Amino acid sequence: MSETKLIHTHDLVKTYPVAGCEFVALKNVNIDIGKGEFSGLVGPSGSGKTTLLNVIGSLDIPTSGSVTVLDHNIGSLTHKQAAMLRNQHIGFIFQTYNLLPVYTVFENIEFPLLLLGKSADDRKKMVNDALEWVGLSAKADMRPAQLSGGESQRVAIARAMVKKPALVLADEPTANLDAKNSHHILETMEKLNAELQTTFLFATHDEKVMQYMKRIISLEDGKVVKDETK
Amino acid sequence: MVILKLAYRNLKGAGIRTWLNVFVLSLAFLSIIYLKGLYNGMQDQSIRISEDTDMGSGQYWCAIYDPYDPLSLPDAHETIPEVFNPLISSGVITPVMFYQGAIYPDNRLKNIILRGVDPNQQVMNIPTSELRVESNEYLPIMLGHRMAKSINVKAGDIFTLQWRDGNGAYDARDARVVAVMTTTNSTIDIGNVWVDLALLQDITRLENEATLLIIDKSYSGELPESEWEYHSLFALTKDIRDMVEMKSIGGSIMYGVLMALALLAVFDTQVLSIWRRRREMGTLMALGMTRMTLIKLFTLEGGMHGFFAVVLATIYGAPLLYLNSVKGLTMPMDVDNFGMVLPQTLFPEYSVGLILGTIIIVLITVTITSFIPVRKLAKLKPTDALRGKMS
């Protein structure tokens, strides 16, 4: 794989058993995503966006075909290797933020660094940097329940970005946000993409998100139907 | 170290749920230590009292004597083997003779056992010196306070004492209570009448005979071989240990139930925690946590309930247990009804082994209980967890 190619899928098929039958979620998906891209997987509900994101994020494995992420063949990774890949190189942003409720903002952002075994000093510096990126330094000691939806998603972005991963996967990151907050967090991610050269891959059907995408890959019934770069 | 920190944060974050479980566990933990300590204290005190007032460090029994066969008592006396004479002379061994008799306090018949003992003996810690009274008018006798109370007599009272001598002839004389001793050992009190051994041998015409020989508890020298059977203190106190063990089994059921309730609370919390925190688990896996670490984290969270319970129990329980071990537990009813040697006040004994052993048992059982519902995480798919499903 070329140095700039971060993600490569070849004839990717993913099926699920549903009520005794096989439901095909992804059908022969072939895409390449390079380093520093700001791309989106778009399509209606059930088109396979989240499934593709999960496979690329090593949260799931392909039924057939291959997926290579950062030179790792997702299909052949053990559970531990997949966890390590996610831990070191991939950040996730979820629609429902998925912050850990008993932790403060600081501790939520610090969490991936604890798993990476960073020292306390390094963790403090990196978390403070991440808080600055998303403009939440003043709310470091708050709990997720005390934050607005927009603030919660910014914490989720900070958590995904704090370890400076090569790839950030965002699944419907603006679905629970109003227009103002959606633009705010998309601008934040755009800025981070430009500054840190982190590759962002979104799964969305939100028009507001699509405006920001440099590349849009359209999916329908598990197939790539359009792949256009602005 | 990381999961320890995470487990602590999660438990702290769970708030009242954690502390309720911890409190219930600490109660179970304290109850186990308290009951065990009480039984340990009961056993040790009973053995000490028996050793001090009745059994010494061991006994030699004449061949016929069998404490479990009352019918053997009339014949349970033999001439003391000569081999014991040096030890008897030096006060290391004291002979005692049991002999059947009857007394008539207020003209009411009561069967008793005459216990003949040397008034100068130092082997048993009872005031036998009170029997050093010479009188031709009456036989000096000593009673325990329970016996005196039950037949309504006091020191100075006189009543008839009847017995059959060695040849089977009935004989009787007036006996005078020269002393009423207070003793914690009911077995040497109720139904017993203490009398000078020499006098008993004389009136029964059983010269130089005895039923058993008691060895001084401080004696550690050689013991002679004899046809009289030797019984160590350990063997003599078997009944006490058996009785305490029986009571201990009853206690075990109680603290087993307590522990089960506490463990059920921990188990329930774990199941609820796993159910409610499925998305969190998915998030943790997405952030790079392995299933194994997840299992360790949740098991540790459950296990830490045990640790906190130990800490909490130490905070509020240690002063209580200490106070209890110093002040003792005054028995609420007459301890004579217990059927074993017991003091009126029991002092529980909390050994380091008991406390450490209980801590280890609590920690292990809590950890196992925590692990059981967590096992299913070994098959958890991150995608299912993120959707709030259990795979």
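The legends below accompany close-up views of a predicted model.

**View 1. The contact between chain A and chain B in the predicted model.** The contact involves 19 residues of chain A and 17 residues of chain B. On chain A, helix H2 (79–89) and helix H3 (105–116) each supply at least two residues of the side that touches chain B. H2(A) gives the most to this side of chain A, with six residues. Sorted by class, the side of chain A that touches chain B has 11 nonpolar, four polar and four charged residues.

**View 2. The buried residues of H2(A).** A:Ala82, A:Ala83, A:Arg86 and A:Asn87 are buried in this helix. Because these residues cover an arc of only 135° around the axis, they lie on the same side of H2(A). An α-helix has 3.6 residues a turn, so residues three or four places apart point the same way. The partners of the buried residues of H2(A) come from both chains: strand S7 (90–93) and H3 of chain A, together with helix H8 (278–286) of chain B.

View 3. Seven of the nine residues of H8(B) are buried, and the helix is mostly covered. The buried residues are B:Glu280, B:Met281, B:Gly282, B:Thr283, B:Leu284, B:Met285 and B:Ala286. After H8(B) comes B:Gly288, which has a positive phi near 115°.

**View 4. The nonpolar cores.** The largest nonpolar core has 117 residues, and among these A:Ala158 and B:Phe29 touch the most other members. Helix H2 (residues 16–55) of chain B gives the most to this core, with 12 residues. Leaving aside residues up to four places away in sequence, A:Ala158 touches A:Ile109, A:Ala130, A:Leu131, A:Trp133, A:Val134 and A:Leu136. A second, separate core comprises 46 residues, including B:Phe84, B:Ile188, B:Ile214 and B:Leu236. In soluble globular proteins, nonpolar side chains tend to be buried together.

**View 5. The open sheet of chain A.** Six strands form this sheet in the order S7-S8-S9-S4-S10-S11, and their pairing is mixed. S7 and strand S11 (223–229) of chain A are the edge strands, each pairing on one side only. From one strand to the next, the twist averages 15°. Strand S10 (residues 215–220) of chain A is antiparallel to S11(A), and six bridges join the two. In this pairing, A:Ile217 stands opposite A:Asp227 of S11(A). Helix H5 (residues 149–161) of chain A lies across S7 and strand S8 (167–171) of chain A. The helix runs at about 170° to S7(A).

**View 6. Strand S3 of chain B and the strands joined to it.** Strand S3 (residues 93–104) of chain B is largely enclosed by the rest of the structure, because nine of its 12 residues are buried. Four bridges connect S3(B) with strand S10 (residues 212–215) of chain B in an antiparallel arrangement. B:Val96 is the bridge partner of B:Val117 in S4(B). Five residues lie between the strands in the hairpin of S3(B) and S4(B), where B:Asp106 takes a positive phi near 50°. Strand S6 (residues 158–164) of chain B is joined to S3(B) by three bridges and runs antiparallel to S3(B). B:Tyr104 stands opposite B:Thr160 in S6(B).

**View 7. A:Lys125 in helix H4 of chain A.** The helix that holds A:Lys125 spans residues 120–134. A:Lys125 counts as partly exposed because 13 other C-beta atoms lie within 10 Å, whereas a buried residue would have 20 or more. A:Lys125 and A:Met84 are 41 residues apart in sequence, and their C-alpha atoms are 23 Å apart in space.

Methods: Residues are numbered from 1 along each chain as its sequence is written. Chains are lettered from A and ligands numbered from 1 in the order in which they are written. This is a predicted model: local features need pLDDT of at least 70, side-chain atom pairs count only at pLDDT 80 or more; totals for chains, interfaces and linings use all residues. Two residues are in contact if their C-beta atoms, placed from the backbone, lie within 7 Å. Ala, Val, Leu, Ile, Met, Phe, Trp, Tyr, Cys and Pro count as nonpolar, Asp, Glu, Lys and Arg as charged, and the others, Gly among them, as polar. The arc is that of the directions from the helix axis to the C-beta atoms. A nonpolar core is a set of buried Ala, Val, Leu, Ile, Met, Phe, Trp, Tyr and Cys residues joined through C-beta atoms within 7 Å. Two strands pair if DSSP finds at least two bridges between them. Axes are lines fitted to C-alpha atoms, for helices over the stretch in contact, and angles run from 0 to 180 degrees between N-to-C directions.
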